[in-house]
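Please keep the sequence and the structure in view while reading.

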Amino acid sequence: MIQRFDTGPRMSEMTIHHGVAYLAGQVPEDTSADIVGQTQQVLQAIDDLLRLAPTDKSNILRAEIFIADMADFAGMNEAWDKWVPQGATPARATVQAKLANPAWKIEIVITAAVP
């Protein structure tokens with residue numbers, strides 16, 4: 001069985017299958033924020049979706065981080081390091097990418113276990 005959350009005509013915000021939650025790319029709502037603020041918004045959106053699964057950030061298996069400008073790498077890590085649980089850090093990749101909305105500085109895709 002596949003569970004779908006916040007399903008629209010183009011995509012679902014999260015799907016769950018066989019104990020794994022797959023989150024769509026999460027982006028900031030307030031694009032006026034700097035990279036730290038945008039990252040914090042995205043991490044909060046991830047927390048909110050994981051809670052629906054139900055799981056949490058300690059069960060994240062993989063994070064794929066897309067940032068518009070590698071000059072923002074340190075600021076993104078500042079927010080990430082305060083959020084990610086030490087001792088339960090996931091596999092992670094960070095790449096520079098041209099994002100769909102030029103005002104977005106970051107987009108994060110998460111895969112997490114649902115215990």
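## A facing pair in β2 and β3

Met-14 stands opposite Leu-23, a residue of β3. The strands β2 and β3 run antiparallel and are joined by four bridges. The model described here is a predicted one.

Leaving aside residues up to four places away in sequence, Leu-23 touches Glu-13, Met-14, Ile-46, Leu-49, Leu-50, Val-109 and Ile-110.

## The sheet

The strands β2 and β3 belong to an open sheet of six strands, ordered β1-β2-β3-β6-β4-β5, with mixed pairing. The edges are held by β1 (2-7) and β5 (91-96); each has a single partner strand, so one side of each is left without a neighbour in the sheet. From one strand to the next, the twist averages 10°.

Helix α1 lies across β1, β2, β3, β4 and β6, and runs at about 30° to β6.

In soluble globular proteins, nonpolar side chains tend to be buried together. In this model, the largest nonpolar core has 27 residues, of which Met-14, Leu-23, Ile-46, Trp-80, Ile-106, Ile-108 and Ile-110 touch the most other members. Two or more residues of this core come from each of β2 (12-17), β3 (20-23), α1 (35-52), β4 (60-67), α2 (73-83) and β6 (106-113). The greatest contribution is that of α1, with seven residues.

## Salt bridges

How many salt bridges does a search of the whole structure find? The search finds three.

One joins Asp-48 to Arg-51, with the closest N and O atoms 2.6 Å apart. Because Asp-48 and Arg-51 are three residues apart in helix α1, about one helical turn separates them. Asp-48 is partly exposed, at a relative accessible area of 37%, whereas Arg-51, at 52%, counts as exposed.

Another links Glu-78 and Lys-82, whose closest N and O atoms are 3.9 Å apart. Both residues lie in helix α2, four residues apart, which is about one turn of the helix. Glu-78 is partly exposed, with a relative accessible area of 40%, while Lys-82 is exposed, with 67%. In the remaining salt bridge, the side chains of Glu-64 and Arg-62 meet at 3.1 Å, N to O. Glu-64 counts as partly exposed at 24% relative accessibility, and Arg-62 is partly exposed with a relative accessible area of 42%.

Key. Residues are numbered from 1 along each chain as its sequence is written. This is a predicted model: local features need pLDDT of at least 70, side-chain atom pairs count only at pLDDT 80 or more; totals for chains, interfaces and linings use all residues. Side-chain values use heavy atoms; hydrogens and water are left out. A nonpolar core is a set of buried Ala, Val, Leu, Ile, Met, Phe, Trp, Tyr and Cys residues joined through side-chain atoms within 4.5 Å. Buried means under 20% relative accessible area, exposed over 50%, partly exposed in between (1.4 Å probe, protein chains only). Contact means heavy atoms within 4.5 Å. Two strands pair if DSSP finds at least two bridges between them. Axes are lines fitted to C-alpha atoms, for helices over the stretch in contact, and angles run from 0 to 180 degrees between N-to-C directions. A salt bridge is a side-chain nitrogen of Lys or Arg within 4 Å of a carboxyl oxygen of Asp or Glu.
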